[in-house]
Amino acid sequence: MIDTSIFQGKKAKYFTLGCKLNFSETSTFARSLREMGMTEAEKTEPADLCLINTCSVTGEADHKCRQLIHRAARENPNAFMVVTGCYAQLEPAAVAKIPGVDLVLGSNEKANLIQYLNDAWTMRQLPANAPGAAHNDANGEGGLYHSVKTKDIKSFQPSCSRGNRTRYFLKVQDGCDYFCTYCTIPYARGFSRNPTIASLVAQAEQAAGEGGKEIVITGVNIGDFGKTTHESFLDLVKALDRVEGIMRYRISSLEPDLLSDQLISYCAQSRAFMPHFHIPLQSGSDAVLKLMHRRYDSSLFAHKIRLIKEQMPDAFIGVDVMVGCRGEHPENFEECYDFLAALPVTQLHVFPYSERPGTSALAIPYVVDDKEKKARSKRLLALSDRKTHDFYAAHIGQEAEVLFEKAAPGRPMHGFTRNYIRVELPARLAKEEYDNEILRVRLGEFNMKKDALRAEIL
């Protein structure tokens, strides 16, 4: 039983670290609390509640989570602080001991965040012998934490929200069964699970009813959709494509071995799926891919990229690349660099390998030092900059459709073309009524920051 009166009139601050999936979940939590009468605090005013959704993909991510928790507690000394997300699942007791933290929820429990918050906020602790009871640290100090082992993570938290953005983020899947040697995500998120296509279509229809025009499909391993319901990701794509009112869909990240040729062909001729793909590669060296326990090789990855470009020549293709993982000898990195340089991809998301406790990668010999990791990252980032610049430059002078997003007063408006070119409209030409509108523009030269093309409304 939830007592909505305890939320009414109170103010909250929300913090998200990590991926689009985390953003989607945080936005959904905020929406639920808003419906109960809680408003969002301004940046400069103290909050009654701080909710922090954490990431744990790297050691640096853990560090940023701790920093954020400390800062939020310092700036909001009287706030009730809730921490959830991947770091909260992996290290619940440690997070609960951070000064200022009142409640920590693991991946299974965050689906019932409102109920846990209601109980903890009113009672501050649950009976020790209650089912699913919270645990205190050994000294009786610190916040309460609720979490279960990875194998017991079964819940699915539906999420389709835009927060303060224009685009909606629709969570279609959670968890991962892959257990790559370097990764902690399966331990933090649990095994792959998903809702029904019918429920996701209903959420997309609701977003359309609220005026949404674009939806980003999110999840941990979305190509694995259907394990729970015996459906397929391609079936989901076809069903969402029929939702009236949603003009654009983007697929956030899709494993290359789960990106079927049939899906590529369908997206190429679909009504609303954009020519925009994000595909994790991790390494262009087959030897390193084998060490990582990835389920594909470089030839399969290259086939997918070329097939996309054959059917959608203007497609934007983003690629995740990890550098300096254990076992990546210099010749392996050079092989990866040459492989990516030869592929018609648009942008590289480069990140250095981070040692994660409990992962099997720690048993792999040959460790790359931090200096070499930085050098390799720098080279790949420079390659990415050249590829993205060339992709943008090839579209200068062309006409395109752009979905514009709201801008702060006196600031340029930004938006994206169908193929994810970032567009900037100067502040003097921006109008409030352009927000969430798809407008025809002519693409001009690069802006001052070189991260967008200037636009002229046609």
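Let me start with a definition: the expected span of a helix is 1.5 Å times one less than its number of residues. One more before we go: helices (H or I, at least four residues) and strands (E, at least two) are DSSP runs, numbered from the N terminus.

Hello everyone. What we have here is a predicted model, where local features need pLDDT of at least 70, side-chain atom pairs count only at pLDDT 80 or more, and totals for chains, interfaces and linings use all residues. Residues are numbered from 1 along each chain as its sequence is written, and side-chain values use heavy atoms, with hydrogens and water left out.

Let's begin with helix α12. Its 13 residues reach 19 Å from first C-alpha to last, close to the 18 Å expected at 1.5 Å a residue. Which residues of α12 are buried? They are Asn332, Phe333, Cys336, Tyr337, Phe339 and Leu340, where buried means under 20% relative accessible area, exposed means over 50%, and partly exposed is in between (1.4 Å probe, protein chains only). Seen down the axis of α12, these buried residues fall within an arc of 165°, so they line one face of the helix; the arc is that of the directions from the helix axis to the C-beta atoms. As a reminder, an α-helix has 3.6 residues a turn, so residues three or four places apart point the same way. On the other side of α12, Glu331 and Ala342 are exposed.

And what do the buried residues of α12 pack against? The partners are β11 (276-282), α10 (286-292), α11, β12 (316-323), β13 and α13. Contact, here and below, means heavy atoms within 4.5 Å.

One of those partners is worth a second look. Helix α12 (residues 330-342) packs with helix α13 (residues 370-393) at an angle of about 5°, and their axes are 11 Å apart. Axes are lines fitted to C-alpha atoms, for helices over the stretch in contact, and angles run from 0 to 180 degrees between N-to-C directions. The angle makes α12 roughly parallel to α13; under 35 degrees counts as roughly parallel, over 145 as roughly antiparallel, 65 to 115 as roughly perpendicular and the rest as oblique. From α12, the contact uses Pro330, Phe333, Glu334, Tyr337, Leu340 and Ala341, and from α13 it uses Arg376, Arg379, Leu380, Leu383, Arg386 and Lys387. By class, that is seven nonpolar, no polar and five charged residues. For the classes, Ala, Val, Leu, Ile, Met, Phe, Trp, Tyr, Cys and Pro count as nonpolar, Asp, Glu, Lys and Arg as charged, and the others, Gly among them, as polar.

There is another helix pair to show you. Helix α8 (residues 233-241) and helix α9 (residues 261-269) have axes 10 Å apart and an angle of about 10°, which makes α8 roughly parallel to α9. Phe233, Leu234, Val237, Lys238 and Asp241 of α8 meet Gln262, Leu263 and Tyr266 of α9. This contact divides into five nonpolar, one polar and two charged residues.

Helix α1 (residues 20-35) is mostly covered, with twelve of its 16 residues buried. Among them are Phe23, Glu25, Phe29 and Arg31. Just after α1, Gly37 takes a positive phi of about 105°.

In helix α2 (residues 59-75), the buried residues are Ala61, Asp62, Cys65, Leu68, Ile69, Ala72 and Ala73. They fall within an arc of 125° seen down the axis of α2, so they line one face of the helix. Their cover includes β1 (11-16), β3 (49-54), β4 (80-85), α3 (86-90), α4 (92-96) and β5 (101-105).

Next, two tyrosines. Most residues other than glycine have a negative phi, and most peptide bonds are trans. Tyr366, in the loop between β13 (347-352) and α13, has a positive phi of about 75°. Tyr420, in the loop between β15 (413-417) and β16 (422-425), has a positive phi of about 65°. Is each buried or partly exposed? Tyr366 is partly exposed, at 34% relative accessible area, whereas Tyr420 is buried, at 16%.

Last stop: Val441, in strand β17 (residues 438-446). Val441 is buried, with a relative accessible area of 0%. Leaving aside neighbours within four places in sequence, Val441 is in contact with residues including Gln398, Val402, Phe404 and Ile457.
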